[in-house]
Amino acid sequence: MAPRRKRVLAANWKMNHGPTAALAFLESFLDRYAPHDDRTVILFPSALAFSAARTAAAARPDVRFGVQNIHSAEKGAFTGETSASIARDAGAQYVLVGHSERRHVFGETDAQTAEKVIRAASEGLVPVLCVGEKIEEREAGQTDAVVVRQLRAALQALPPATTAGVLIAYEPVWAIGTGRTATPGDASSAHSAIRAELQAIAGAESDAIPILYGGSVTAANAAALLAAPGVDGLLVGGASLEAESWASICNS
Ligand code: 13P
């Protein structure tokens, strides 16, 4: 029997919504989304909107918060960066690691991604590890090989019990912000390769790990993606910026 994992709906606001917009968003979103026991909602605001957003949701502990990035060092002279412990202190429970924009716009390597996963886990933040292939890799039939390489690189140094506490997001690079969504079948196929690799890395404990799909998710396609075998949740960019569409996705 496949384990029943709680659905996870995560909003990556990227470089959108300052404190003022975050506050207005939360007022509207919380009116439209009542707490659900069977799902977890996580918001990833920009660093400077984080505290305003979290304060606006203070009466709703069912809505959780994460940061979009951390530095791998514990602390020190890294102007402009945020450490895992600062993020924790601000109320973050999660951190995105290895997002396609970090990898392909900012040049983050598999090795740096691994260091961030280790730092996050050691400071008590749940890493949401993002993996996904570029279009030329998909066309060359390398989708599974790419996500397996990214998983191994990021998780190899963690003990299995720690690995069991991470979240994975499959985000094909060609689907991010392009309006070109993976089909539910594409998502299921990649999620099944990811699930098999998680088993190989962490054994039975890996059954607890939710695998989210991300890439051009909208209120219109969310239900079909969530119904795809192996899809435990969604990581949403553009469609999470408006309270109405985000609430509709969370209520799916
Ligand atoms: P879009 O939903 O805008 O395609 O972004 C996906 C994403 O990168 C979420 O992390």
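An oxygen atom of the ligand is placed 2.9 Å from a polar backbone atom of Gly237. This counts as a polar contact, defined as a pair of N or O atoms within 3.5 Å; within protein, one must be able to donate a hydrogen and the other to accept it, and residues adjacent in sequence count only if both atoms are side-chain atoms. The model is predicted: local features need pLDDT of at least 70 and side-chain atom pairs pLDDT 80 or more, while totals for chains, interfaces and linings use all residues. Residues are numbered from 1 along each chain as its sequence is written, and side-chain values use heavy atoms, without hydrogens and water.

| Residue | Protein atom | Distance to a ligand oxygen atom |
|---|---|---|
| Asn12 | polar side-chain atom | 3.0 Å |
| Ser216 | polar backbone atom | 2.8 Å |
| Gly237 | polar backbone atom | 2.9 Å |

On its own the ligand has 310 Å² of accessible area, of which the protein covers 94%; accessible areas come from the Shrake-Rupley method with a 1.4 Å probe, and for residues only the protein chains shown count as cover. The ligand is surrounded by 13 residues, the closest being Lys14, His99, Gly177, Ser216 and Gly238; a residue is near a molecule or strand if one of its heavy atoms lies within 4 Å of it. By class, this shell holds 4 nonpolar, 7 polar and 2 charged residues. In this scheme Ala, Val, Leu, Ile, Met, Phe, Trp, Tyr, Cys and Pro are nonpolar, Asp, Glu, Lys and Arg are charged, and the others, Gly among them, are polar.

Ser216 is located in the loop between β7 (211–214) and α10 (222–226); helices (H or I, at least four residues) and strands (E, at least two) are DSSP runs, numbered from the N terminus. Ser216 is buried because its relative accessibility is 16%, where buried means under 20% relative accessible area, exposed over 50%, and partly exposed in between (1.4 Å probe, protein chains only). Most residues other than glycine have a negative phi. The phi of Ser216, however, is positive, near 55°. His17, in the loop between β1 (7–12) and α1 (19–32), also has a positive phi, near 70°. With a relative accessible area of 21%, His17 is partly exposed.

The largest pocket has a volume of about 550 Å³. On a 1 Å grid over the protein atoms alone, a pocket is an open set of points with protein on both sides within 12 Å along at least five of seven lines, a cavity is a set where a 1.4 Å probe fits but cannot get out, and lining residues have an atom within 4 Å of a point. Grid points are joined across faces, edges and corners, and a volume is the space filled by probe spheres set on the points. Of the 19 residues lining the largest pocket, Ala47, Gln68, Asn69, Arg102 and Phe106 lie nearest its centre. Ala47 belongs to the loop between β2 (39–44) and α2 (50–56) and is exposed, at 60% relative accessible area. The side chain of Asn69 makes a polar contact of 2.8 Å with that of Lys116, a residue of helix α5 (110–122) that is buried at 8% relative accessibility.

The whole structure contains 1 cavity of 30 Å³ or more. Residues lining the largest cavity include His99, Cys130 and Glu171, and α4 contributes the largest share, 3 residues.
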